[in-house]
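Subject: Structure handover and what I found

Hi there,

Here is the structure you asked about. Have a look at it first, and then read on for my notes.

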Amino acid sequence: MGSCNGETHSAVEGLEQPFRIFVGYDVSEDLAYEVCRHSILKRSSIPVEIIPIKQADLRKNGVYWRERGQLESTEFSFSRFLTPSLANYKGWAMFVDCDFLYLADIKELRDLIDNKYAIMCVHHDYAPKETTKMDGAVQTVYPRKNWSSMVLYNCGHPKNKVLTPEAVNTQTGAFLHRFQWLEDDEIGSIPFVWNFLEGHNKSVEGDLSTLPKAIHYTRGGPWFEAWKNCEFADLWLKEMEEYQKEAKNKSEE
């Protein structure tokens with residue numbers, strides 16, 4: 001599947017434009033991408049278009065040429081910021097890492113959109129204790145850590161025109177991951193349950209507002225041997241089994 005070819009799912013086909021969701025794709029985490037995609041499609045009551053951000057395709061198309069730095073733990077560490085450009089600077093679109101599992105209808109998240117903001121995300125206050133994550137990648141600590149892992153982009157907002165391919169390929173990690181092209185009041189806030197950090201965020205018993213709507217396996221998920229017993233591993237594995245069963249049935253049709 002190419003980076004510009006999405007897949008559309010709709011409960012009410014034709015009634016509205018699909019909500020575009022760009023998912024960070026890494027060849028070493030193909031299964032994580034497929035399970036993330038499956039979890040969104042399965043629960044969505046609105047049309048969505050899911051588009052993987054594949055670095056190889058972006059390089060081939062001449063929109064990404066940045067050399068991979070030592071601290072980049074995934075292929076989409078920087079290519080994620082091409083989201084407004086890939087969406088033609090029109091409407092709203094979402095970027096999300098592939099290591100998410102959605103447990104709620106994406107419509108609930110889309111309905112939080114407020115046009116006065118340039119972007120919207122969960123404002124985490126997060127300093128990881130681990131020194132490594134995923135498959136031994138170095139865990140880095142910086143301000144606004146994990147804010148860029150799931151972002152609603154107001155792609156037509158004038159400020160986001162700054163995110164040209166040229167800027168994404170040349171700007172510093174700090175400029176991009178800390179959203180330094182924006183003023184603080186241009187960054188809207190989303191409840192933390194939409195980017196619920198496994199191993200960090202906690203649900204409070206009896207408080208439904210703390211129940212995760214999207215789990216982010218930011219330290220590493222059950223698709224990595226070292227993290228197969230992480231918190232919420234059972235939910236991810238159940239979704240994986242469903243995805244694999246459906247994929248097998250399709251291939252046999």
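Two strands count as paired if DSSP finds at least two bridges between them.

Before going further, a word on the source: this is a predicted model, in which local features need pLDDT of at least 70 and side-chain atom pairs count only at pLDDT 80 or more, while totals for chains, interfaces and linings use all residues. Residues are numbered from 1 along each chain as its sequence is written, and side-chain values use heavy atoms, with hydrogens and water left out.

Back to β2. Val23 also stands opposite Pro52 in β3. Six bridges join β2 to β3 (residues 48–53), and these strands run parallel. To get from β2 to β3 the chain passes through helix α1 (residues 30–43), and this β-α-β crossover is right-handed (with the strands pointing away from the viewer, the path from the first strand over the helix to the second runs clockwise).

Which way do the side chains of β2 point? Phe19, Ile21 and Val23 point one way, Arg20, Phe22 and Gly24 the other, and all are buried. Buried means under 20% relative accessible area, exposed over 50%, and partly exposed in between, with a 1.4 Å probe and protein chains only. Six of the six residues of β2 (residues 19–24) are buried, so the strand is largely enclosed by the rest of the structure.

There is also a sheet of three strands. It is open, with the order β5-β12-β11 and mixed pairing. The edge strands are β5 (100–102) and β11 (196–197), each of which pairs on one side only. β5 and β12 run antiparallel and are joined by three bridges, and Phe100 stands opposite His216 in β12.

His216 is buried, with a relative accessible area of 0%. Which residues does His216 touch, not counting those up to four places away in sequence? They are Asp97, Asp99, Phe100, Asn146, Ser149, Asn195, Phe196, Leu197 and Glu198. Contact means heavy atoms within 4.5 Å.

Met150, in strand β9 (residues 150–154), is buried too, at a relative accessible area of 0%. Leaving aside neighbours within four places in sequence, the contacts of Met150 include Met94, Phe95 and Val96, as well as Phe100, Tyr102, Trp194 and Asn195. Met150 and Arg80 are 70 residues apart along the chain, and their C-alpha atoms are separated by 9.6 Å.

Now the aromatic rings. Rings of Phe, Tyr and Trp (its six-membered ring) pair if their centres lie within 6.5 Å; planes under 30 degrees apart count as stacked, over 60 as edge-to-face and the rest as tilted. By this rule the count comes to 11 aromatic pairs. Tyr25 and Tyr33 form an edge-to-face pair, because their ring centres are 5.4 Å apart and their planes are at 75°. Tyr25 is buried at 10% relative accessible area, and Tyr33 is buried at 1%. Tyr217 and Trp223 have ring centres 6.0 Å apart and planes at 80°, so this pair is edge-to-face as well; both residues are buried. Ring pairs also link Phe81, Phe175, Phe179 and Trp181 into a cluster.

Two charges sit over rings (NZ of Lys or CZ of Arg within 6 Å of the ring centre and within 35 degrees of the ring normal). Lys54 lies over the face of Tyr25, at 4.7 Å from the ring centre, and Arg66 lies over the face of Phe78, at 3.8 Å from the ring centre.

Asn88, in the loop between α3 (83–86) and β4, has a positive phi of about 60° although it is not a glycine. Asn88 counts as exposed, at 54% relative accessibility.

Finally, confidence. The chain averages a pLDDT (the predictor's confidence in each residue, from 0 to 100) of 90, and 87% of the residues score at least 70. Over residues 1–5 the pLDDT is below 50, and pLDDT stays under 50 over residues 7–15. Where pLDDT is low, the predicted coordinates should not be read in detail.

Best wishes

Methods:
Helices (H or I, at least four residues) and strands (E, at least two) are DSSP runs, numbered from the N terminus.
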